[in-house]
Amino acid sequence: MLIKKPNDISSSEITPKSSFLGRRQFIAGVAATGAAVAGGLYLRRRGWHMEETVHAGAKLSGIVKSPLSTSEQPNSFKDITNYNNYYEFSTDKYEPNGLAANFRTRPWTVSIEGLVKKPKKLDIDTVLKLAPLEERIYRHRCVEGWSMVIPWVGFPLSALIKQAEPLGNAKFVAFETVYAPDQMPNQKRSVLEWPYVEGLRIDEAMHPLAIMAVGLYDEVLPNVDGAPLRLVVPWKYGFKGIKAIVKIKFVENMPPTTWNIMAANEYGFYSNVNPQVDHPRWSQATERRIGEFRKRPTLMFNGYADQVASLYSGMDLRKNY
């Protein structure tokens, strides 16, 4: 498998968000007019979410603080945008930020299809108005053993599902990433089977913790973190959080998922964080929070057991990894 494990970011490298944004704003002031327009990065902000036409990285407004957030300190903006798994761009952790800089997120539509009463194609700006935006500070646990705490901005996935009105025989929700090899260099190579696909059982998708993220801190979601729309399921390993979503399909049978296709013995459909079940090539019992030196014990369901364990009552979580 093409999984690299660069050294974790040391705490001395972490830049406060205010300083990082100050430098970014200076650069944006010089380059925004030409480069941002050419890259298709300008967004039309509408309603209580949006203001005037601005480039990606601009502020979101009307964000509600969610009581479902963890009380842990979030990682810095630099951490979250500079240490990523985004295989469409690179298998390296540090390269995707630069490679995704000019990824075009407008125009963008999301297709809702399959076993639903109301199939539709939604413009991303319509998607942004499906529900009030919330800040959800969630733990993020990667299967390779690193973790972060991330202040996502998004809305419950259930709000989108209710718009579609699934039929009674819809048991799963399948997601698909955009296929854009002209912008995503690794989609020209057989790194994975493209486009990236993921799935949830419909009761998992309806759970209040499952969200569609459109922002980070109080800004429009950065390209490197899955703009303009990504899935966040905090009790599962990070690779379940499919990025740059263009299709959501309701199906009766368990859909294929990218990592299960690539290595079924290592990556199961459910992919719940379970420190008691080792990955075939490493232990899952501990994790290293980016910015920290010492490892910490990994929590069952990534610390969300009280909220989600009932979804898997009676299920063998060793077999259904």
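Biologist: How do the residues of the lining of the largest cavity divide into nonpolar, polar and charged?

Modeller: This is a predicted model, in which local features need pLDDT of at least 70 and side-chain atom pairs count only at pLDDT 80 or more, while totals for chains, interfaces and linings use all residues. Residues are numbered from 1 along each chain as its sequence is written, and side-chain values use heavy atoms, leaving out hydrogens and water. A cavity is a set of points on a 1 Å grid over the protein atoms alone where a 1.4 Å probe fits but cannot get out, and lining residues have an atom within 4 Å of a point. With Ala, Val, Leu, Ile, Met, Phe, Trp, Tyr, Cys and Pro counted as nonpolar, Asp, Glu, Lys and Arg as charged, and the others, Gly among them, as polar, the lining divides into 17 nonpolar, 6 polar and 5 charged.

Biologist: Which residues of that lining lie nearest the centre of the largest cavity?

Modeller: The lining has 28 residues in total. Those nearest the centre are Asn85, Tyr86, Gly238, Phe239 and Lys243.

Biologist: Why is strand β8 largely enclosed by the rest of the structure?

Modeller: Strands are DSSP runs of E, at least two residues long, numbered from the N terminus, and buried means under 20% relative accessible area with a 1.4 Å probe, protein chains only. Strand β8 covers residues 172-177, and it is largely enclosed because the number of its 6 residues that are buried is 5.

Biologist: In β9, which residue is the bridge partner of Phe175?

Modeller: Two strands pair if DSSP finds at least two bridges between them, and β8 and β9 run antiparallel, joined by 5 bridges. The partner of Phe175 in β9 is Glu198.

How values were computed
Buried means under 20% relative accessible area, exposed over 50%, partly exposed in between (1.4 Å probe, protein chains only). Helices (H or I, at least four residues) and strands (E, at least two) are DSSP runs, numbered from the N terminus. On a 1 Å grid over the protein atoms alone, a cavity is a set of points where a 1.4 Å probe fits but cannot get out, and a pocket is an open set with protein on both sides within 12 Å along at least five of seven lines; lining residues have an atom within 4 Å of a point.
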